[in-house]
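Please keep the sequence and the model open while you read.

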Amino acid sequence: TRTLTVLERPLLNLEALDGDVCTGEVAVFEASVSGGQGPYVFSWGGNVTPGATTATTTSATALMDLSVDPFTAMLLVTDANGCTDEAAVSIDVLQLPVVLAGPDLTLCDQPITEELRGLSPAGGTWTGPGIVNGTTGVFDPAVTGLGTTELTYTYVDGNGCENSDMMEVTVVEPQVAEAGPDVVICDVDTS
């Protein structure tokens with residue numbers, strides 16, 4: 001007679017903490033195992049960076065790149081008896097919004113504010129030295145004084161993906177107009 005022993009196989013539960021992730025952001029994956037016989041060995045696919053591991057849980061991260069959409073993380077667990085289970089989870093990689101801060105500017109060093117124009121898309125916020133209203137993009141050259149300042153226009157789209165663009169504002173000494181000495185002219189009637 002022969003005895004056949006059927007071993008309980010481990011059951012792997014793998015999930016992504018976010019269903020959609022923006023390009024350039026880090027996706028986090030978590031897994032837990034039950035059943036089978038510990039200790040367990042977790043083996044992540046090569047496209048993720050393994051994180052913390054306990055006796056029955058593991059995690060990993062991956063930097064999202066739009067060239068790999070959807071992104072799939074894979075995990076293999078092996079228990080003490082050599083029994084295995086595999087799991088995979090996919091997430092969508094979202095494109096960043098195209099953001100333009102507008103052309104660089106040259107302004108005179110005087111207390112006259114300038115509303116920054118040429119930005120796209122509307123609805124973002126401005127940050128940087130001399131910005132006196134980040135929502136409307138009002139810049140005061142008198143705040144920064146002479147020199148070149150970098151300003152950042154940041155926009156967040158409906159998916160929560162954020163992108164930004166830079167603009168340089170150069171503040172120069174105002175030129176004084178000199179028309180010369182006053183001249184008196186007589187009105188002569190030549191008719």
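## Aromatic pairs

Tyr153 counts as buried, because its relative accessibility is 1%. Buried means under 20% relative accessible area, exposed means over 50%, and partly exposed lies in between (1.4 Å probe, protein chains only). The model is predicted: local features need pLDDT of at least 70, side-chain atom pairs count only at pLDDT 80 or more, and totals for chains, interfaces and linings use all residues. Residues are numbered from 1 along each chain as its sequence is written, and side-chain values use heavy atoms, with hydrogens and water left out.

Which ring pairs with Tyr153? The partner is Trp126. The ring centres of Trp126 and Tyr153 lie 5.0 Å apart and the planes stand at 45 degrees, so this pair is tilted. The two residues link distant parts of the chain: Trp126 sits in strand 11 (residues 125-127), Tyr153 in strand 14, and 27 residues separate them. Strands (E, at least two residues) are DSSP runs, numbered from the N terminus. Trp126 is buried too, at a relative accessible area of 3%.

The structure has 2 aromatic pairs by the ring rule. That rule takes rings of Phe, Tyr and Trp (its six-membered ring) with centres within 6.5 Å; planes under 30 degrees apart count as stacked, over 60 as edge-to-face and the rest as tilted. Phe29 and Phe71 also pair: their ring centres are 6.0 Å apart and their planes meet at 25 degrees, so they are stacked. Phe29 belongs to strand 3 (residues 26-35) and Phe71 to strand 7 (residues 71-78), so the pair ties together parts that are 42 residues apart in sequence.

| Residue | Relative accessible area | Class |
|---|---|---|
| Phe29 | 0% | buried |
| Phe71 | 6% | buried |
| Trp126 | 3% | buried |
| Tyr153 | 1% | buried |

## Thr125 and the sheet

Thr125 is found in strand 11. Is Thr125 buried or partly exposed? Thr125 is partly exposed, with a relative accessible area of 38%. Leaving out residues up to four places away in sequence, Thr125 touches Gly134, Thr152, Tyr153 and Thr154. Contact here means heavy atoms within 4.5 Å. The C-alpha atoms of Thr125 and Tyr155 are separated by 6.6 Å, although the two are 30 residues apart along the chain.

Strands 9 and 15 run parallel and are joined by 4 bridges. Two strands pair if DSSP finds at least two bridges between them. Within this sheet, Leu105 stands opposite Val169 in strand 15.

## Cysteines

How many disulfides does the structure hold? There is 1 disulfide, meaning a pair of cysteine sulfur atoms within 2.5 Å. Cys22 is joined to Cys161, S to S 2.0 Å. The link is left-handed, with -90 degrees about the S-S bond. Cys22 lies in strand 2 (residues 20-22) and Cys161 in the loop between strand 14 (147-156) and strand 15 (162-172), so the pair ties together parts that are 139 residues apart in sequence. Both Cys22 and Cys161 are buried.

Two other cysteines have values to note. Cys83 is buried, at 17% relative accessibility. Cys108 is partly exposed, at 30% relative accessible area.
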